[in-house]
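Here is a short report on side-chain contacts.

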Amino acid sequence: MNRESVEVVVIGAGAAGMAAATRMAGLGLQVVLLDEQGSPGGQIYRGITLAPLSRRDLLGPDYAHGNQLAQALASSSVRYEKGASVWQVTREHQVSYLREGRLYTLDAKAVLLATGAMERPFPITGWTLPGVMSAGAAQILLKSAGLAPSEPVVLVGCGPLLYLLGWQYLRAGVTIKALVDTTRPEDYWRARRHLFAALRAWPYLRKGLELMRSLRSAGIAHYTGAEQLAVEGGEAAQALTFSASGKAQRIDTRCVLLHQGVVPNIQFSQALRARHEWDLDQLCFRPVTDAWGELDVPDVFVAGDGAGIGGAQAAAVQGQLAALGIAARLKSIGTAERDDQARPLRVQLEANLRIRPFLDALYQPKEQNRIPADEVMVCRCEEVTAGELRSFVALGCAGPNQAKSFGRCGMGPCQGRMCGLTVTEIIAKARGVSAAEVGYYRIRPPIKPITLGELAGE
Amino acid sequence: MSESSNRQADVLVIGGGIHGLSTALYLAQAGVKVTVLEAEYCGRHASGVNAGGVRTLGRHVAEIPLALSSRDLWHELKHTLGDDGGFVPSGQLKLAESQADLEECRLRIEQLQALGFCHEVLVDQQQVFDTVPTVSRHVTGGIWVKDDGYAVPFKTVTAFRLAAQKRGVRIHENTPAQRIEQTGTRWRVSTPAGHFSAEHLVVTAGAWAGGLAAQIGEPVPVHPEGLMLMVTHRVAPFCVPVLGATSRALSFKQFSNGTVVIGGKLVGSLDFLARHGEVEMERLGSSARTVTDLFPHLRHLGVNRVWAGVEAFTADDLPVIGASRKASNLSYSFGFCGSGFQMGPGTGKRLAQLILGEHSDISLEPFAIDRFNRAASAPPGAFQSASTIAHP
């Protein structure tokens, strides 16, 4: 095993990780940036340095913004390690990763987790059928390989990523059969109190409106306020059924793309046993940090969507704030200098986050799509339904970790990534307590896949 | 201050692991009113997160009678609990990997036969290959126990818990015992949720039991450790029995769902205050190497989860089971040194008999809490270290 000591390890080369690593290197710190992917960019700017110009054009101007971050990183002294899959981070700052089948361990003075977001599960009847995918997964195929569905698709749910994918598909010539939107008129009403702040983030808002307008002008069937969503099919998806405006609808389709927002990827912060809180607006857990992104685990910081969803631009600023926090902690700069340099960043961050309350209110996922009916599969790996989970609660199961004892819920290959939030919310509702009280799965390594042979160092 | 009636019982059990719950179950079957206080939730630590081995193989000779009686109860579990806890009588096989290993196995069998135990059987290389066709060809033979097997720990603990509750046992989770004291004829246990009281107190609190025993002036040389395990993704069936090794740390089994659980008393690191065991990757690496040496085809199998459970280890590798020597109406069962899961049913039943004043042929004398003081003045070797002969 290869082991060495470094000053700072940053995990994840998305917006937050790239910006943080570059800034720290500029402050004279020795930084190793570990990235699972083959090139910088993370999810939002996936493959930015590799994508052919035609694909960049197809994906839109925002995607190209990532190029600036990637270029700054490339011209910095940061040691960028691609294909580095981090499977463990300890409270003592030991970072273990796998690269080309070999094990490496870095002992760092400080660690920055910049592992971004993951898609919220969308547990509805039939969501496990072949032909049903998440919109985020479909977008990864488009970004990394230029792959798009050959079948006409139905986009289902809500949130910026769903509309962006629709817009990108239109430009890529994919047939979109319908946009089945779960957003209801009263959601606009609920979000309206945040509209003034959102208007101050006009470019962002305008971008969203343009996306929607182009989808509409392309003549795509757009249903709003869709409820009672279900995918029909025996061996594979055959149709989407739902009700909209009080009318039952059925759309024949073999490709359903689901999305209802993203949530922080808290695998590492949970495995580190950092304190987390339930975000009442975003309906997810997020780690508790100070103003610099530091967890209650000393010298471990988190920046970007992993600390709460704020989007790519906010993430890049948060990355820089964490960079300043770490630099001051490692005495590379003084606290006065840290605060000076942070001042413009905090102004910028506030501007970047202005749209967020509006989006959170408008696209809050519906309870029926988060806390499903009894027959819906919740834990896909071990095939535990919502009804079974409720029967465990009736027998005294108080939280996700006990749900494992009662019926292997969350013990399969995904280790709860696909069901964690659903399980928390189902148990909370069944017990009549808050999600915060119910808590989350205990997360253990390996956070990323590793084989016995690799672990054995063969 | 008086406790409300639901805080009073005949017997209070501290610790909702397999030992506490099985003791509670057997007491409740005899009509005793039992309350279990659990600091977190039932089966949270050693009982629920161990490797699931149901093993008499390689036991310290002092443990064998109790382990054999427990084995019989495992085979009846479905009948007793209405749920078999995932028990599979797959047999257990300890592999010899060299002539020296095989000689060690032979001596072990001789020793057991001299004591009248015949549950462990010496097998040759061909018998091992017949039992586990996929094992590496360097294996030279081993020891086989046909009636051993494995179970699913959390499923077993949950089965005991539900069966106990069905018989009227009250279980209070998230209720850690803080202070225990005997006033007059009653034991009083203070918890953040108030006081509980009973005539008899049973301490089955695993790694936390030593602290409670010390409260009443009965300190035990016991220390906690975090024992590591890993479980793989699912793989096609290739190994029926549970495997151990003679000269390396290994406990290995493939569950019926295809996952492989790998352990063998691998010590990780421990954050005892946080009640948390952590994995040490270098030691895990050597465990993975043992597995890939024995089964080269598993090299590409993914590790799904690694974890560490918190367990109590005594100075002589034997548990503490039996009555207090300092106070009346107080019993213990803890310090199983990573081998307590199999003992759960038998020890619970035996301890219940002790509390009920029933006769048993199985002596608890080797497990007496005051043996450590006596050992200091006794001739050396009175308690042979289990590690020299035990299946690791």
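## Charges over rings

R275(B) lies over the face of W208(B), 4.1 Å from the ring centre. A charge sits over a ring if NZ of Lys or CZ of Arg is within 6 Å of the ring centre and within 35 degrees of the ring normal. The charged end of R7(B) sits over the ring of F196(B), at 4.7 Å from its centre.

This is a predicted model: local features need pLDDT of at least 70, side-chain atom pairs count only at pLDDT 80 or more, and totals for chains, interfaces and linings use all residues. Residues are numbered from 1 along each chain as its sequence is written, chains are lettered from A and ligands numbered from 1 in the order in which they are written, and side-chain values use heavy atoms, with hydrogens and water left out.

## Aromatic pairs

There are 15 aromatic pairs over all chains. Rings of Phe, Tyr and Trp (its six-membered ring) pair if their centres lie within 6.5 Å; planes under 30 degrees apart count as stacked, over 60 as edge-to-face and the rest as tilted. The rings of F238(B) and F252(B) have centres 6.1 Å apart and planes at 65°, so this pair is edge-to-face. F238(B) also forms an edge-to-face pair with F295(B), at 5.3 Å centre to centre and 70° between the planes.

F238(B) and F295(B) are both buried (under 20% relative accessible area; exposed is over 50%, partly exposed in between; 1.4 Å probe, protein chains only). F252(B) is buried too. In chain A, ring pairs link W278(A), F285(A), Y440(A) and Y441(A) into a cluster.

## Salt bridges

The whole structure has 42 salt bridges over all chains. Each is a side-chain nitrogen of Lys or Arg within 4 Å of a carboxyl oxygen of Asp or Glu. D316(B) and R371(B) meet in one, at 2.6 Å, N to O. D316(B) is buried at 12% relative accessibility, and R371(B) is buried at 1%.

D293(B) and R248(B) form a salt bridge at 2.9 Å, N to O. D293(B) is partly exposed at 34%, and R248(B) is partly exposed at 25%. In chain A, a network of salt bridges links R184(A), E186(A), D187(A), R190(A) and K366(A).

## Cysteines

C379(A) is buried, at 2% relative accessibility.

C381(A) is partly exposed, at 27%.
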